[in-house]
Amino acid sequence: MADDYLVRIGKLIRDARQHRGWTQSQLAEALGTSQSAVNRIERGNQNISLEMIARIGEALDSEIVSLGYAGPMHLRVVGGRRLSGAIDVKTSKNACVALLCASLLNQGRTVLRRVARIEEVYRLLEVLGSIGVRTRWINDGVDLEIVPSAELDLASIDADAARRTRSIIMFLGPLLHRMDHFKLPYAGGCDLGTRTVEPHMIALRRFGLDIAATEGQYHAVVDRSVRPDRPIVLTERGDTVTENALLAAARHDGITVIRNASSNYMVQDLCFFLEALGVKVDGIGTTTLTVHGVPTIDVDVDYSPSEDPVEAMSLVAAAVVTESELTVRRVPIEFLEIELAVLEEMGLDHDRTPEYFADNGRTRLVDLTVRPSKLEAPIDKIHPMPFPGLNIDNVPFFAAIAAVAQGKTLIHDWVYDNRAIYLTDLNRLGGRLQLLDPHRVLVEGPTRWRAAEMMCPPALRPAVVVLLAMMAAEGTSVLRNVYVINRGYEDLAERLNSIGAQIEIFRDI
């Protein structure tokens, strides 16, 4: 029994090390031990103390290793500090997870540059590895190499990892070309017939995919005789719905027209990647996409996903809320123009450089400098719309921004049933937010922020909004269990510290 425990711990440590892109020697150096000792630990051939497990967890910054001992990650924030200098925007979380799913279309080697090292990506890598896809971090852990196997072993899928990512649904589009029947786990709360899933089913049925859901799994059967003989009209202009339809169309031997398609940033990145695979896509950036599919894709491809506009908005909001002068570099301006127009009307003082291209050669970037400004509440409500409207994921940041503006701002988050409720957590930090209904919140500013200790909201963007408010609040705040932030942001605390924040990562031991 003890030996089996050591083997399982060793496997967890090895997986965490590989996800970080470290060699055994690098981990040994961080621990002050030998490479051979790390090798023995990973093979389960060496007794290991709880203290050593905690040290390894700290070195790898890994919840995988620390679960059950060091506990979840928390942040201690010393607020009231001004930010300064410059910070680069990381690559897009949502584009990276779509491209990982899209790699299943390709029988050749896929290299993705500067992949976001976040929990959502790690969960997908665990799923891919469990079904036989070989992945490894290369170039000092910066880039990711993916080599699918000839046959996928869906029976061995890591169900726990799959249920911790909503992105698993985007396996449906690629897999329907690889097997006639298969099973996939689905995330809790993601039942068939709900608004978020049924549009996927409607689109994919046109490619012969029939889905039944029982006992926590999608049971998929593919009828090869069914082909999309007329344009596919999406019932929801959703990002992942559009991506799934694109993934299904990419290897359909014919032309597929997708109408009411999302033209958002991650969809455009996926289209650019499909073109690198040899799939022609007309209408990129519009709501009608025409896909010229190819039945077999076997190419070695090297692709650089573009920067994340939502992270860019996070960093702009950090500067606004802390009344700082900050330069945010590599901002994908096409996907932040509405947000910046609203901020300009509120009185934001900022300027931007001339545009230049991202590494994918297609997405337009700028460097954006934000200065302390006296903001006024906008006359109109803040509400999201499909691109090119104000991004759904950027709405929560306007709660923190509105809280430092003079006047009252109405925020209408109509897309999600509960997210507006989480924004009222800002009241614990001195905010004055009134929840009008599950979708609408009234924010009154300006706010005199105060420090507090609180649990992290269970939604990614509201969680970051709380962190930004803590950075503005005089005194020391504590934000507990920040796994949800790590799902979408790479090393956020350390990066904010590099521009003047004071945030300490700690765990209960």
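**One residue, then the wider picture**

Modeller: Val321 sits in helix 13 (residues 309-321). Helices here are DSSP runs of H or I, at least four residues, and strands are E runs of at least two, numbered from the N terminus. The model is predicted: local features need pLDDT of at least 70, side-chain atom pairs count only at pLDDT 80 or more, and totals for chains, interfaces and linings use all residues. Residues are numbered from 1 along each chain as its sequence is written, and side-chain values use heavy atoms, with hydrogens and water left out.

Colleague: Is Val321 buried or exposed?

Modeller: Val321 counts as buried, at 4% relative accessibility. Buried means under 20% relative accessible area, exposed over 50%, partly exposed in between (1.4 Å probe, protein chains only).

Colleague: What is Val321 in contact with, leaving aside neighbours within four places in sequence?

Modeller: Ala400, Ile401, Val404, Trp449, Leu468, Ala469 and Ala472. Contact means heavy atoms within 4.5 Å. Val404 is 83 residues from Val321 in sequence, but their C-alpha atoms are 6.5 Å apart.

Colleague: Switching to charges. How many salt bridges in the whole structure?

Modeller: The search finds 32. The rule wants a side-chain nitrogen of Lys or Arg within 4 Å of a carboxyl oxygen of Asp or Glu.

Colleague: Which residue does Lys90 pair with?

Modeller: Glu490, with the closest N and O atoms 3.7 Å apart. Lys90 is in the loop between strand 2 (86-88) and helix 6 (93-102), and Glu490 in the loop between helix 18 (483-488) and helix 19 (492-497), so the pair ties together parts 400 residues apart in sequence. Lys90 is partly exposed, with a relative accessible area of 29%. Glu490 counts as buried at 12%.

Colleague: And Asp393, what does that bridge to?

Modeller: Arg419, with the closest N and O atoms 3.6 Å apart. Both Asp393 and Arg419 are buried.

Colleague: Which residues are linked in a network of salt bridges?

Modeller: Arg114, Glu307, Arg330 and Asp359.

Colleague: Now domains. What does the assignment give?

Modeller: Domain 1 (2-60), domain 2 (73-90 + 307-507) and domain 3 (93-303). The bounds come from an automatic or database domain assignment.

Colleague: How far apart are the C-alpha centres of domain 1 and domain 3?

Modeller: They lie 33 Å apart. The contact takes four residues from domain 1 and six residues from domain 3.

Colleague: How many salt bridges across that interface of domain 1 and domain 3?

Modeller: Zero between domain 1 and domain 3.
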